[in-house]
Amino acid sequence: MVSHQLLTYASDMLAVTTVPEKYWNPKQEHYPKYTPYMAAAFNVTMGDFGSVLNTQQAQMQFAFKTGIWNGVIGEVKGLPDAGILATEYFLNPEKARAFDEGLSQLTFASAWVSFKEVHGY
């Protein structure tokens, strides 16, 4: 039980460290107007002085670096998430039964249909 709570806490803390899309995607509805300048300042702290005058370049570099950051956080967050899944499986019989039932219904054909739906085929 304690390990489940610690894993949940670790997963939640890692989730907090991701950068929300509204800060790196200019096409987002709630994109802050100050973000291009923040991105240029961020690039300067990383030693890139060339993008100070070009805010569009600064935005692209910031989005790229943010994508790498969020990707690393997502990979690391996968470890406690897998632990949460395992502890829930052993601690909660109803969730274990639901997981087993879902797994028993998984076939190549159903996965292929889902894949085609997701990708518009």
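Predicted model: local features only at pLDDT ≥ 70, side-chain atom pairs only at ≥ 80, totals over all residues.
Which residues is Q59 in contact with, leaving aside its neighbours within four places in sequence?

View 1. Beyond its neighbours within four places in sequence, Q59 is in contact with P26, Y31, P36 and A39. Q59 sits in helix 3, which covers residues 55–91. Its relative accessible area is 16%. The cut-off for buried is under 20%, so Q59 counts as buried.

**View 2. The polar contact between Q59 and Y31.** Both partners contribute side chains. The distance is 2.6 Å.

**View 3. Helix 2 against helix 3.** Helix 2 spans residues 35–45. The two axes come within 8 Å and cross at roughly 70°. Helix 2 is therefore roughly perpendicular to helix 3. From helix 2, the contact is made by P36, Y37, M38, A39, A40, F42 and N43. Helix 3 supplies T55, A58, Q59, Q61, F62 and K65. By type, the residues of this contact are eight nonpolar, four polar and one charged. P36 and A39 of helix 2 belong to this contact, and both are also in contact with Q59.

**View 4. The chain around these close-ups.** The chain has five helices and zero strands. From the N terminus, the order of elements is α-α-α-α-α. The radius of gyration is 21 Å, well over the 14 Å that the globule rule gives for 121 residues, so the chain is more spread out than a compact globule. The C-alpha trace spans about 60 × 45 × 25 Å along its principal axes. Of the 121 residues, 19% are buried. Among contacts with a separation of 6 or more, 49% join residues 24 or more positions apart.

Note on methods: Residues numbered from 1 in each chain as written. Heavy atoms only, no water. Helix = DSSP H or I, 4+ residues; strand = E, 2+ residues; numbered from the N terminus. Buried < 20%, exposed > 50% of the residue type's maximum accessible area, 1.4 Å probe, protein only. Polar contact = N/O pair within 3.5 Å; in protein donor to acceptor, adjacent residues only side chain to side chain. Contact = heavy atoms within 4.5 Å. Axes fitted to C-alpha atoms, helices over the stretch in contact; angles between N-to-C directions. Parallel < 35°, antiparallel > 145°, perpendicular 65-115°, else oblique. Nonpolar A, V, L, I, M, F, W, Y, C, P; charged D, E, K, R; others polar. Rg over C-alpha atoms; globule rule 2.2 N^0.38 Å.
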